[in-house]
Amino acid sequence: MRSWMAPPVPELADLGHGHGPGLRLYDTAGRSVAETTPESPARMYVCGITPYDATHLGHAATYLAYDTICRIWRDAGLEVSYTQNVTDVDDPLLERAEQTGEDWRDLAARETELFREDMTALRVLPPTDYIGAVESIPIITELITRLVEQGAAYDVDGDLYFQVHKDPGFGSLGGYDEATMLALSAERGGDPDRPGKRDRLDALLWRAARPGEPSWDAAFGPGRPGWHTECAAIALDRLGMGFDLQGGGNDLIFPHHEMSASQAQVATGERPFAQHYVHTGLLGYEGEKMSKSLGNLVLVSQLRADGADPAAIRLALLAHHYRSEWFWTEAELPAAGGRLARWRQAAAQSQGPDAAGVVRQVRQALADDLGTPGALAAIDGWTEAALGGVGDDSDAPATVRALADALLGIPL
């Protein structure tokens, strides 16, 4: 699947500022902030969209967090191998296509293209590998075959299920008790009450063909893949076991990331699936959950159509820590637009305060669990000093422009 065009990214090392520090991030499995220790290339997998609706701000906030990680690793002198999937066949997509009367393939293609356009506008660095579920059917069926051969899969009326307790570490990623896992499974696409399952938490690997649904041939019968298996197979194929970082919203901790990790670990006999699990907080709107059913999605494409500067959208999202749960309000964008205007005014001057200090402050803030609010505050400080006439360094404005672009994706 085609990704999107990468924006140019300045190199602070080329301006005499060397490489940035290592990155510490909260690890969901470890329940603490820990150093990431990738070798080059750093390997990251982030779960992508199910393309049945346009990019809303919750999506954008999530992908900006992992974009910032990419930028920090690159600033530290690392290459990055980043894989992101597209779940271009799944129940939500098929249900939306049936509701609208559109072919599911056309719906997926259109919404995936809109996502590309939104990511391009927001200057999000593209994945090295952007992979759809449909194109990955061969590697998905290969993974399922391995699980079948190891006795970790069984049949329920033609559907194949994964036996979660074949993984002795099952449940350790999220750390939830069984009652919580059952509740989350029911809420997030699982089927804990299906008759015939050996354990209520067992997860679907392969859904046998149903009338009117797309299906693909496999040794275990025609059908289509389960969501968790899709991500496990793609990550294994592109990154291998023990890759550096698995990411997504915190609503993916269970069952999705728990199940993907367990399936990969059982299939390979190795662990861990990922060295570090990083999850973003969820974004609501004016005190409520942001959802299609409530009709309160704030779409990136609509904001752009209404004339919002994508850099202001990006600044508004980066003003909040990636792990925080917060609500978008109508005040967010004007505040970000004002901040952006001040930064651009200061960065357009012929001179300003020496920039070495602000480079160090921004790097330190970001290296400490993606402290984007602190990074923005550091540039605010330099901006106010520059606008106040402090400093006579003619190189400083160009350095701050490069800093804001390289680490925050904000063109000044």
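Start your tour by selecting Y161, which counts as buried at 1% relative accessibility (buried means under 20% relative accessible area, exposed over 50% and partly exposed in between, with a 1.4 Å probe and protein chains only). Before you go on, note that this is a predicted model, where local features need pLDDT of at least 70, side-chain atom pairs count only at pLDDT 80 or more, and totals for chains, interfaces and linings use all residues. Residues are numbered from 1 along each chain as its sequence is written, and side-chain values use heavy atoms, with hydrogens and water left out.

**Aromatic pairs**

Rings of Phe, Tyr and Trp (its six-membered ring) pair if their centres lie within 6.5 Å; planes under 30 degrees apart count as stacked, over 60 as edge-to-face and the rest as tilted. By this rule there are 10 aromatic pairs. Select W104 and W216 next: they form an edge-to-face pair, 6.4 Å from centre to centre and with 80° between the planes. This pair links distant parts of the chain, with W104 in helix α3 (residues 104-121) and W216 in the loop between β8 (203-208) and β9 (223-225), 112 residues apart. Helices (H or I, at least four residues) and strands (E, at least two) are DSSP runs, numbered from the N terminus. W104 is buried, with a relative accessible area of 14%.

For a group of rings, select W4, Y63, F115 and Y130, which form one aromatic cluster.

**Two helices side by side**

Show helix α11 (residues 356-367) and helix α12 (residues 372-387), which pack at an angle of about 170° with their axes 7 Å apart. Axes are lines fitted to C-alpha atoms, for helices over the stretch in contact, and angles run from 0 to 180 degrees between N-to-C directions. That angle makes α11 roughly antiparallel to α12 (under 35 degrees counts as roughly parallel, over 145 as roughly antiparallel, 65 to 115 as roughly perpendicular and the rest as oblique). On the α11 side, the contact (heavy atoms within 4.5 Å) is made by V358, Q361, V362, A365 and L366, and on the α12 side by T372, G374, A375, A378, I379 and W382.

**Last stop: T28**

Finish at T28, in the loop between β1 (24-27) and β2 (32-35). T28 counts as buried at 10% relative accessibility. Not counting residues up to four places away in sequence, T28 touches L173, I253, Y277 and H279.
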